[in-house]
Amino acid sequence: MLLEKVIDSVEHRVCNAYGKSTYKEICIADVTRIFVFWIALKQGQIKSLFLSEDQDKNEDKIIAKNIDKTLFKLRFIPLNAILGFWDFLKWIAKKVTQTTNVEQADVLICVNHQKHKSYTNDIAKQLEANGKKVVYFHWPMAKEAKQDLPLTTSMPKFWTKTYLRARLCCSFIDYVQATLIAVKPKKVIVVEGDSYEHHIFGLLKDTFGYQCVCLQWGYEPRSALRIGYRKMPYNALLVWGDFFRNTFQEFNKDVLIKSVGHPKLDTTKSGTKGDALLFALQRPMEPYVTEEDIDDLIKLAINTAECFPHKRIIVRSHPNYEIPIRHFDALNDKTNITIHRYNECAINQSLSNAEFCISISSTLGFEAIYHGVNPLFIKCNRIPLLLQKDMSRFNDGKHLIEKHALIEFLESKESSGLRLPDSTLFFKQSKEAATSEIVQYLLN
């Protein structure tokens, strides 16, 4: 599998480049491998390998070449020396002109985006109700929330060999370390847990003497678990259900992985089952799910509306990807198509009317199971996905359908006889019970 080759090559080449070099007690390779992986996936030559229908006999060399090119830029000492000295000057300026916001707390919650903050709001409230002081840390690039913990960084040791060879990684470590010095938390929570800043919090847990717990946010939309979901440096990973626990455990054998449920899953269910077909869109995740793939799903919704004129068709937009304007005329032309925009219709409203939730790899397909709606994952994309592999064991793989076979499936008796998978495998319990279990774990 191509993604596995990229991961193996990144692991191998980053390890060779940095060996056991450390900065402030963190192994540089453990952090650098994550953003080298992300940079590698954006390289044109590697993206072309994914999208090619034929295997390239030189793919190993192409992958290695692009990774080495990234490592050369990251390890370019003359540039790192200049930038490192600039980091030092900025640190001095901030040290003199700004006061670090020291806000010691029992629990520090690290979030990348505002949506992660709302995801943990109920958890924070229950912790505070139990007498715990909670503060939020936003990564500097989470621009929508700069007001949280506006800390300076720790002093950059720009003169060290490690800083000169890994300045980007070291600057991230400096920022996290400054936060930990100011807050002195007993517990740190990270949401999703696959990013380099999350791993830095996990890797510093022994140095600063706290427990680091990761909360599941979504599921892997690629062909395999990405590199940040492997070798996770946390005390525990709290997931929605055993379906997800089993997948994560394979690559994190030393981490306690506990099924607790989804702390924000809307539990309001319809009293009666709907008969609509819900097409759930998602944002592009190139090269695995492209804009063209999503176009195909929208066209499939329009075609389905034509074939079933008396059937209600719902097309739901995604928070990070609106329905392209080019499809509006065709969608509005079909009287049995209703558009549900994410900011106008709650998820449970869309699901309460549905018999099937049809998507490529949207996690809404998993939420559908909780609401008693059968998911159908359409193979619009060229690259096999991890989700497709994992869902193939339910109902003899009938939840996975080639796009050209959807109409035929809906017309057949198979569609009416499709059994719903056990929802507790995906979501152990309701959001209230899940939140209570998460809080109880953090309090122990």
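## A parallel sheet, its covering helix and some salt bridges

The model is a predicted one, in which local features need pLDDT of at least 70 and side-chain atom pairs count only at pLDDT 80 or more, while totals for chains, interfaces and linings use all residues. Residues are numbered from 1 along each chain as its sequence is written, and side-chain values use heavy atoms, with hydrogens and water left out.

Strand β9 (residues 276–280) and strand β10 (residues 313–316) run parallel and are joined by four bridges; two strands are said to pair if DSSP finds at least two bridges between them. Both belong to an open sheet of six strands with parallel pairing, in the order β11-β10-β9-β12-β13-β14. At its edges are β11 (337–340) and β14 (400–402), each of which pairs on one side only. On average, neighbouring strands of this sheet are turned by 25° against each other, direction ignored.

Helix α12 (residues 291–307) lies across β9, β10, β11, β12 (354–359) and β13 (374–379), and runs at about 165° to β9. Contact here means heavy atoms within 4.5 Å, and the axes are lines fitted to C-alpha atoms, for helices over the stretch in contact, with angles from 0 to 180 degrees between N-to-C directions.

D295 counts as buried at 11% relative accessibility, whereas R326 is exposed, with a relative accessible area of 53%; buried means under 20%, exposed over 50%, and partly exposed in between, using a 1.4 Å probe and protein chains only.

Elsewhere, D68 forms a salt bridge with R13, with the closest N and O atoms 2.8 Å apart. Because D68 lies in helix α4 (residues 59–74) and R13 in helix α1 (residues 2–18), this pair ties together parts that are 55 residues apart in sequence. D68 is partly exposed at 32%, and R13 is partly exposed at 26%. The count of salt bridges comes to 23, and D194, E220, R222 and R226 are linked in a network of them.

Definitions and conventions: Helices (H or I, at least four residues) and strands (E, at least two) are DSSP runs, numbered from the N terminus. A salt bridge is a side-chain nitrogen of Lys or Arg within 4 Å of a carboxyl oxygen of Asp or Glu.
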